[in-house]
Amino acid sequence: ARMVTGSPALASRGLEMLYQRELALAAAIAADTGTGAITAHLVAAQLAAVPRVLYAEAMRRSLAGESRASICAYLADASASAFDLLEPSLDRFGIRA
């Protein structure tokens, strides 16, 4: 974690990779659902926010000296909670009748 946060190039690349994943997800959502690019990107951004936020939290906890096991346990719970928060707005999105 220190190596990544200590290098502006590595930190920037990490964020760039997360954004590229968001764009790929948006393209897949648009192709699969037939929705417009903006709607697909908004949905993808909501979904992609979960790993982005959890990645930042994992880095913070790692830098604070928390154990890997503790971080993993926290992330498992936090990811479930995060997707539960998104479910009310996205649970029917893309479902074909």
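**Exercise 1. Describe the salt bridge between Arg60 and Glu57 and the exposure of the two partners.**

Step 1. Arg60 and Glu57 form a salt bridge through their side chains, with an N to O distance of 2.7 Å. The term salt bridge denotes a side-chain nitrogen of Lys or Arg within 4 Å of a carboxyl oxygen of Asp or Glu.

Step 2. The coordinates belong to a predicted model, in which local features need pLDDT of at least 70, side-chain atom pairs count only at pLDDT 80 or more, and totals for chains, interfaces and linings use all residues. Residues are numbered from 1 along each chain as its sequence is written, and side-chain values use heavy atoms, with hydrogens and water left out.

Step 3. Both residues belong to helix α3 (residues 37-63), and being 3 residues apart they are separated by about one helical turn. Helices (H or I, at least four residues) and strands (E, at least two) are DSSP runs, numbered from the N terminus.

Step 4. Arg60 has 46% relative accessibility and counts as partly exposed, whereas Glu57, at 17%, counts as buried. Buried means under 20% relative accessible area, exposed over 50%, and partly exposed in between (1.4 Å probe, protein chains only).

**Exercise 2. Characterise the salt bridge between Arg13 and Glu16.**

Step 1. The N to O distance between the side chains of Arg13 and Glu16 is 3.2 Å, and they meet in a salt bridge.

Step 2. The two residues lie 3 apart in helix α2, a separation of about one helical turn.

Step 3. Arg13 is partly exposed at 40% relative accessibility; Glu16 is likewise partly exposed, at 40%.

**Exercise 3. Which partners surround Glu22, and what is the nearest side chain of opposite charge?**

Step 1. Glu22 is located in helix α2 (residues 8-33).

Step 2. Glu22 is buried but has no salt bridge; Arg52, the nearest side chain of opposite charge, is 5.2 Å away. In this assignment Lys and Arg count as positive and Asp and Glu as negative, while His and the chain ends are not counted.

Step 3. The side chains of Glu22 and His41 make a polar contact at 2.8 Å. A polar contact is a pair of N or O atoms within 3.5 Å; within protein, one must be able to donate a hydrogen and the other to accept it, and residues adjacent in sequence count only if both atoms are side-chain atoms.

Step 4. Apart from neighbours within four places in sequence, Glu22 is in contact (heavy atoms within 4.5 Å) with His41, Ala44, Ala45 and Ala48.

**Exercise 4. Summarise the fold and overall dimensions of the protein chain.**

Step 1. The protein chain contains 4 helices and 0 strands, in the order α-α-α-α along the sequence.

Step 2. Its radius of gyration is 16 Å, well over the 13 Å that the globule rule gives for 97 residues, so the protein chain is more spread out than a compact globule. The radius is taken over C-alpha atoms, and the rule is 2.2 Å times the number of residues to the power 0.38.

Step 3. Along the principal axes, the C-alpha atoms fill a box of roughly 50 × 30 × 15 Å.

Step 4. Of the 97 residues, 22% are buried.
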